[in-house]
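User: I'd like to go through this model with you. Can we start with the helices and then move to the aromatics?
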Amino acid sequence: MTAQSLPSRVKPRLSGFKALLTHQYFRRVVQLAFATFIVYVTAVHVAGGESASNLTASPEAFCPFGGLETFYRYITSGGTYVPHTHLSNLVVAAAVLVTALLLRSAFCGWICPLGFIQDLIHSFSAWLQKRFVPLRKTLRTLTQRGRPVWAFLDKYLRFVKYAVLIWAVTGAAIYGVMVFKDYDPWSALINFAEWTFTPGLVVLGLTLVGSLFVERPWCRYACPLGAASGLLGKLSPVYLKREADACTSCKICTNACPMGLNVHSATTITSVDCISCLECVGECPREGALEVKVGLPFMAK
């Protein structure tokens, strides 16, 4: 008996902690909380001027990628940091990497404020598409999954973030400065409040505009922190398992994935691009078709 001929097994209403994790409203609340915190820190820092250090830390102090950039210099120089970084960056970076070991790229899907902003813009784009048919047709023509040209570009553009990771980390190690800082869209967003313009502002603009057409373009193609988190996340014991017997290959999970992964055709979802947002699990209408598992993915049957 094939999956298509199985009797309907509609997913029952979930309850408890599992329902909380797979309910996207909860994820949005978590994302909003962290974004609000960063906005508060930035506002206090800018408003405080020269005395801001007495009020709150710089928002850059909470950047985990700064910890990766300064790590080599910190180790080799006996405690010296790359400019614009200090101990807090190392601590936050360590927390993100530990999270990756335990829960894959959950930081990207649940905490990262820039990821949250991209989610909001794409949601706004979806809202517009529902109300303006010409816009919906145009965007679907440009971004429909499965089109040969787009699929080819998407596949290879995803490797760019690893090149950015290597350039940023090795550049900081060799030159002792944050070579990535001027091109970092997150840094540009923070510094915009201080009326500081860098090439990162252009990258930020492209990211925000791109979010109208593609979900999380920065995360998919260029984020060095996401690259590091995804690679380390391959060692995580937590993964998603698709049960072929319960799945009808309806592609609802694939369409729900903000990173454009083909969830409906995978046995285990362990991609380095998975941000552990659980949107696919929450949207799946079939009981037992897609679930979070703990163990060794390669041993899953």
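Analyst: Helices (H or I, at least four residues) and strands (E, at least two) are DSSP runs, numbered from the N terminus. This is a predicted model, where local features need pLDDT of at least 70, side-chain atom pairs count only at pLDDT 80 or more, and totals for chains, interfaces and linings use all residues. Residues are numbered from 1 along each chain as its sequence is written, and side-chain values use heavy atoms, with hydrogens and water left out.

User: Which residues of α10 are buried?
Analyst: Lys 161, Tyr 162, Val 164, Leu 165, Ala 168, Gly 171 and Ala 172. Buried means under 20% relative accessible area, exposed over 50%, and partly exposed in between (1.4 Å probe, protein chains only).

User: And what covers them?
Analyst: The cover includes α4, α13 and α14. It is counted by contact, meaning heavy atoms within 4.5 Å.

User: What follows α10?
Analyst: Gly 176, with a positive phi near 75°.

User: Aromatics now. How many pairs are there?
Analyst: The whole structure has eight aromatic pairs. Rings of Phe, Tyr and Trp (its six-membered ring) pair if their centres lie within 6.5 Å; planes under 30 degrees apart count as stacked, over 60 as edge-to-face and the rest as tilted.

User: Why is the pair of Trp 167 and Tyr 183 edge-to-face?
Analyst: Because the planes are at 65°, with the ring centres 5.8 Å apart. Trp 167 is in helix α10 and Tyr 183 in the loop between α10 and α11, 16 residues apart.

User: What about Phe 180 and Trp 218?
Analyst: Their ring centres are 6.4 Å apart and the planes at 20°, so that pair is stacked. Phe 180 lies in the loop between α10 and α11 and Trp 218 in helix α13, so the pair ties together parts 38 residues apart in sequence. Phe 180 is buried at 4%, and Trp 218 is buried at 9%.

User: Which residues form one cluster?
Analyst: Phe 65, Trp 167, Phe 180, Tyr 183 and Trp 218.
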